Amino acid sequence: MSKTIKHALAVAAGLLLAGPALAAWDLNLKPGITELSQEAYRLHMLILWWCIGIAVVVFGAMIVSIVKFRKSAGAQPDTSLTHSTTVEVIWTVIPIVILVVMAIPAARALIKIEDTRNSQISIKITGFQWKWQYEYLEEKVSFYSTLDAASNETRMKGSGKNPADVPDYLLNVDNPMVVPVGKKVRLLVTAGDVIHAWWVPALGVKKDAIPGFVNEMWFEAKEVGTFRGQCVELCGRDHGFMPVVVEVKSEADYQAWLEAQKAKSAPPAAAPAAI
Amino acid sequence: MSNAQSLDTTHSHDHGHDDHGPAKGIKRWLYATNHKDIGTMYMVFSLAMFLTGGLMAMFIRLELLQPGIQFLDPGKFNSMTTMHALLMVFGAVMPAFVGLANWMIPLQVGAPDMALPRMNNFSFWILPFAFSLLLLTLLVPGGSPAGGWTLYPPLTLQSGDALPMAIFAVHLMGASSIMGAINVIVTIMNMRAPGMSLLKMPLFVWTWLITAYLLIAVMPVLAGAVTMLLTDHFFHTSFFSASGGGDPVMFQHIFWFFGHPEVYIMILPAFGVVSEIIPRFSRKPLFGYDAMVYATASIAFLSFIVWAHHMFTTGMPLAGEMFFMLSTMLIAIPTGVKVFNWTATMWKGSISFEPPMLFALSFLFLFTIGGFSGLMLAIVPVDFQYHDTYFVVAHFHYVLVPGAIFGIMAGVYYWLPKWTGYMYDIKLAKIHFWLSTIFVNVLFFPQHFLGLAGMPRRIPDYSTQFADWNFVSSIGGFAFGLTQLLFVYIVFTSKKTGIKATDRVWEPEPQSLEWTLPSPAPYHSFETPPVVK
């Protein structure tokens, strides 16, 4: 049902404005590919429907008042209607009940999100102005990940290049983070200069990268594929240009990738001093 | 009662001077101690800042019209978003409310003027200096602050010469706000007309009283936070630097301990304005007056215990996340009570749709939408998906533009004839209303979609998948911006319509004291205090 509405809206909007026409009239959060992102999506839809339900009642009462109790329609005011303890108690108690109903699944999900125990892989992520560093703690693999060259050329002021010609414009990097499917991955997030934030919507994880502190989060990808996100904490001039790309591979592909990385960085990877 | 007596004595004593009316020329404004003159200056200043901040918003929307960088270098873009927010929060919304307070509190409590007129002058005249200083940062080496209006370290510490200037400007704004707040409290507590007990005060007075306490509580906290930034930068302290044993997140805690009450400072007086307007044009007393007062007070109290909901992604402990999620959800209860009471005020009323009522209705609908997205943002597991995306941008613009700003405009349209003595062009004001209400939604509603699709805030350029809604949002932005020029025209030509306003201005039976005075209100509002039954 929500899908039909979505499509109807998208088509209507598309007809109205055939303008930039990149056909991406996205309206809603996507469920993503991890337990946590799907949980967040379910909660999002639950709260959204609650809000829509309340909105129908509240806006309905407002609209009825505006239409029915218009002076121009001859409405006479009932000035005795100034308070009613019963009604006021009811509209205080009902919201409390609704809030409790919302809070219970939210609290459950939150406990799950913050449980980083029993992870199988640990990756340390460090944010720098303006790139990410990934260190595979068990494997001694480490590399930097920066905006891909095509996006970088195109995004320059007066580059004369059309962003529409660049695949995954501003959402592509030279070296993506690679993880195996179906493994609990623990991410340790920190920063080398200012605060950044690491986010991939499809994985449902977001945490600030704070210099001097290490934050933890986890995910377990259910599907292989490439998933994209961006830095989401203002970190200076090129904040918009340090995307996050995660490639989820099968276990075998992941091992092969790991071997290739180890071979590449036979002399240990450059220290952060290179910045 | 004794207050009223002492008032009377000062009055007979002062009469000789009072009858002169305002001083001539520039002295009237420079040396102003009259609450109406100072109120007018606050309103005009606020309008100037609204237009300046609005122009910056136009630059932002222009750059975001299409993917790719066309107009603003990313550094300049960041400086625009930062300055836009600082100007709108401290320059447009807050001074507009202080202007309304100056004009209306003495009129509504039956006083001749504000309690502390010279401090009133000082608190206003600080502002032009504060904002000149802030705007001058656009010209200094390194440019204006560009680390966001929240001034998070370590990023903000990378600013150039702008840093001490911006910090001093914030200190000045804080001093001005605190003085304004003291004046409001002293006036309300001491200068009410005989018989006006606290629970007989108009709601605008009530909301401002509570706002004034919030201001006094939190402006010093902001001053402390920015002073620590200053010493970190110039005197090698390490409050916010981990390498020296400090903590950058501590700044965020301190900032938002100011920042969340600040959010309510920007909305409570608008609640007050709307609570004056809806009953009047519904021809019915406000439903649940006492509940409205208690709800306002509860919101003010809760505002002190929810600050960290701005920081769910900083890596707080689970217990902290739980606490701030639940306390934030609680705010929905008193806010809901207010919305229900406004609706019940209209229920079985006899409603007419003059411009102030139209803006109040727009406020009621659109602020509620901002309330819904606020509730969604409180749910921590999903906030991890919304945080720092355009969903947040849409949320706080819904509560600040059709919330605070429409509240201010409703107030201006309601009281302007009382100020000038003339009725403005009602037809144009209705056009202004319709264009504003339509385009504010074209501007901000699509930003919900952008945020849910994953577009971060504060980025000058975006992936092509976000192009369509950004285009729509920008078009809405330009149209909304242009529409506000109509507001300026209506206000400044209001005397030229030649339509004299009556004492009560609007046809429905008035309920508060300002409507017992002639229009325009006399230079000294109530020479002898009226008696409230």
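**View 1. Packing around helix α2 of chain A.** The buried residues of α2(A) pack against α3 (85-113), β7 (205-209) and β8 (215-219) of chain A, and also against α12 (332-346), α13 (355-378) and α14 (380-386) of chain B. The model is predicted: local features need pLDDT of at least 70, side-chain atom pairs count only at pLDDT 80 or more, and totals for chains, interfaces and linings use all residues. Residues are numbered from 1 along each chain as its sequence is written, while chains are lettered from A and ligands numbered from 1 in the order in which they are written. Helices (H or I, at least four residues) and strands (E, at least two) are DSSP runs, numbered from the N terminus. Buried residues of α2(A) include Leu36(A), Leu43(A), Ile47(A) and Val58(A); buried means that 20 or more other C-beta atoms, placed from the backbone, lie within 10 Å of the residue's own.

**View 2. Asp383(B) in helix α14 of chain B.** Asp383(B) counts as buried because it has 25 C-beta neighbours inside 10 Å. Leaving aside residues up to four places away in sequence, Asp383(B) touches Phe312(B) and Leu377(B), contact being C-beta atoms, placed from the backbone, within 7 Å. Met311(B) and Asp383(B) are 72 residues apart in sequence and 10.0 Å apart in space, C-alpha to C-alpha.

**View 3. The contact between chains A and B.** Chain A contributes 84 residues and chain B 81 residues. On the side of chain B that touches chain A, α12(B) provides the largest share, eight residues.

Methods: Buried ≥ 20, exposed ≤ 12 C-beta atoms within 10 Å, placed from the backbone. Contact = placed C-beta atoms within 7 Å.
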